[in-house]
Amino acid sequence: MSDPHFPGTSPTGLPQAATPLFPGPEVSPKSSRGILTFLLGAASGAIVVGLTWAAFALLPGLTTPPADNFSLKGSLTLTSTSLSGVNSGSECYGTGGYNDIGKGAAVTVYGASGQVLAVGSLVSGQQGTGSLSCVFAFTVPDVPVGEKFYQVEVSHRGKVTVQADQARTTGVFVTLGN
């Protein structure tokens, strides 16, 4: 029996077990672990989503759209007696001291401070207007805009400087040979 002055206590003064106001199903330790596992998983997922958002929203460069690029187009005309394939109707290419000039030769585009911006290559050479000339077209994709000028080098033949507007609009046309 309980003490009328202290409800919920026994005659000895010790607390009695409380009777629930809304009796419901008992929660077993197994279902408690399931709820705990769910809550930990949800919290972990929220942390991962939050960190990912923070990385993309707060770190510079991750959300900045890539700079506009353009394709630099042009050609190299090789004029020399050191050619092969001219007058034959097939592709032509350099020989002797110009044996580095042919299909696949590197075309490198440098920025104003000398850094490499993009690399392309020569395509097959075709006979030019004279019997001793061979013209190689090239396209260098993904050249970033924003430079004051560009430098273009075919193989190891030295850099040619072109203004930015010319590089983007009319292209680069160079001649090599004797």
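Q: Why is arginine 157 called partly exposed?
A: In this predicted model, arginine 157 has a relative accessible area of 30%. Buried means under 20% and exposed means over 50%, so a value of 30% puts arginine 157 in between, as partly exposed.

Q: What makes the contact of arginine 157 and aspartate 100 a salt bridge?
A: The N to O distance between the two side chains is 2.6 Å. The cut-off is 4 Å, from a side-chain nitrogen of Lys or Arg to a carboxyl oxygen of Asp or Glu. The pair of arginine 157 and aspartate 100 therefore qualifies.

Q: Why can this pair be said to tie together parts that are apart in sequence?
A: Arginine 157 sits in the loop between β8 (149-154) and β9 (159-163), and aspartate 100 in the loop between β3 (93-94) and β4 (106-110), so the linked parts are 57 residues apart in sequence.

Q: How many salt bridges does a search of the whole structure find?
A: The search finds 2. One of them is the pair of arginine 157 and aspartate 100; arginine 168 also forms a salt bridge, with aspartate 165.

Q: What makes arginine 168 and aspartate 165 a salt bridge?
A: Their closest N and O atoms are 2.8 Å apart. Because the limit is 4 Å, the pair counts as a salt bridge.

Q: Why are arginine 168 and aspartate 165 separated by about one helical turn?
A: Both belong to helix α2 (residues 164-169), where they are 3 residues apart.

Q: Where is threonine 77, and what does it touch?
A: Threonine 77 is in strand β1 (residues 69-79). Leaving out residues up to four places away in sequence, threonine 77 touches Ser133, Cys134, Val135, Val174, Thr175 and Leu176.

Q: How do you know that β1 pairs with β7?
A: The two strands are joined by 10 bridges and run antiparallel. Pairing takes at least two bridges, so β1 and β7 meet the criterion. Among the residues involved, phenylalanine 70 has valine 143 in β7 as its bridge partner.

Q: Why do β5 and β6 also count as paired with β7?
A: Strand β5 is joined to β7 by 2 bridges, in antiparallel sense, and β6 (residues 126-127) is likewise antiparallel to β7 over 2 bridges. At least two bridges are required, so both pairs qualify. Serine 121 has threonine 139 in β7 as bridge partner, and glutamine 127 stands opposite cysteine 134 in β7.

Q: Which residues of the largest nonpolar core touch the most other members, and which elements supply it?
A: Leu72 and Leu122 do, in a core of 28 residues. At least two residues of this core come from each of β1, β4, β5 (116-122), β7 (133-144), β8, α2 and β10 (172-177). The largest share, 5 residues, is supplied by β7.

Q: What does leucine 72 touch?
A: Beyond residues up to four places away in sequence, leucine 72 touches Val109, Phe138, Thr139, Val140, Val143, Val152, Ala167 and Val172.

Definitions and conventions: Residues numbered from 1 in each chain as written. Predicted model: local features only at pLDDT ≥ 70, side-chain atom pairs only at ≥ 80, totals over all residues. Heavy atoms only, no water. Helix = DSSP H or I, 4+ residues; strand = E, 2+ residues; numbered from the N terminus. Contact = heavy atoms within 4.5 Å. Buried < 20%, exposed > 50% of the residue type's maximum accessible area, 1.4 Å probe, protein only. Core = buried A, V, L, I, M, F, W, Y, C linked by side-chain atoms within 4.5 Å.
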